[in-house]
Amino acid sequence: ATGSSPGRGALIVFEGCDRSGKTTQTQKLFDCLVAMGRKVELWRFPERTTGVGKMIDEYLKSGNNLPDEAIHLLFSANRWETAPLLKSKLAAGVTIITDRYAFSGVAFSAAKGLDLNWCKSPDVGLPLPDCVVFCDLHPEKAAKRGGFGEERYENIDMQLKVYHQFQKLRQSDWKVVDASQSVDDMHEEIKTLALEAMDHCTSKPQQRSLW
Ligand code: TMP
């Protein structure tokens, strides 16, 4: 037995502010599911290797100054350009774990003052996640983890605003995980949530869309 279930794969999205442990936890979950013999891939947004992704990368490293609306649409386009592949993988039974998704898109742009509903509109129609894991760490605590990085947005003022926007976006089905606990405890909690979501997909064959 490979342990893989028939039917479509699950879309498991990790969200949270910077330094909340998303990257560590997505990698740990991926490694664990691979070891269990599950069909799984680890993705991230922004995906910086595509044409659009390269523009985003340059922007984040402060190379250019785009209007907030324009960069917002590029982040969305970066999801749309990979959406056909995402959909086909899910349909083929591959579970996709992703480090950020459209919720980051809205939270960051709304934190800059753009209208929340305007921010949501370009992502309408993208695959709906089967599980949203919110890595919950207040930015004041995140800052104590050795400070933020060098990129745009990696400062306490912006992170506090983003955290506030995430609270607004938070839906009742989000899995809020306390990101101040140990890496291993957090992983155990997330592993259970992910396996539940994957099992659920066998009885929920229809992929729905945002929002
Ligand atoms: P990363 O640190 O996860 O690579 O993300 C880079 C930055 O981009 C991070 O500060 C969050 C931000 N971001 C947006 O502003 N909009 C988006 O749609 C996404 C996916 C990320």
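**Entry 1: the loop with Arg-19**

I began with Arg-19, which I found in the loop between strand 1 and helix 1 (22-35), and I kept in mind that what I was reading is a predicted model. I looked up the backbone angle phi of Arg-19 and noted a value near 70°, which is positive although the residue is not a glycine.

**Entry 2: cis peptide bonds**

I then turned to the peptide bonds, remembering that most of them are trans. The bond from Phe-45 to Pro-46 is cis, with omega near 0°, and I placed Pro-46 in the loop between strand 2 (40-44) and helix 2 (51-60). I also noted a cis peptide bond that joins Leu-210 and Trp-211, where omega is about 0°. I found Trp-211 in the segment after helix 8 (183-202).

**Entry 3: the ligand and its shell**

I next looked up distances from oxygen atoms of the ligand to N or O atoms of the protein. For the side chain of Arg-100 I noted 2.7 Å, and for the side chain of Arg-48 I noted 2.9 Å. At Gly-105 the atom concerned is a backbone N or O atom, which lies 3.3 Å from a ligand oxygen. I also wrote down that the ligand, taken alone, exposes 480 Å², of which the protein buries 87%.

**Entry 4: salt bridges**

How many salt bridges does the structure hold? I recorded 10 salt bridges, and I reminded myself that side chains of opposite charge can pair when their charged atoms come close. I followed the salt bridge between Asp-130 and Arg-8, in which the closest N and O atoms are 2.8 Å apart. Asp-130 belongs to the loop between helix 5 (116-120) and strand 4 (131-136), while Arg-8 is in the segment before strand 1 (11-15), so this pair ties together parts that are 122 residues apart in sequence.

Key
Residues are numbered from 1 along each chain as its sequence is written. This is a predicted model: local features need pLDDT of at least 70, side-chain atom pairs count only at pLDDT 80 or more; totals for chains, interfaces and linings use all residues. Side-chain values use heavy atoms; hydrogens and water are left out. A polar contact is a pair of N or O atoms within 3.5 Å; within protein, one must be able to donate a hydrogen and the other to accept it, and residues adjacent in sequence count only if both atoms are side-chain atoms. Accessible areas come from the Shrake-Rupley method with a 1.4 Å probe; for residues, only the protein chains shown count as cover. A salt bridge is a side-chain nitrogen of Lys or Arg within 4 Å of a carboxyl oxygen of Asp or Glu. Helices (H or I, at least four residues) and strands (E, at least two) are DSSP runs, numbered from the N terminus.
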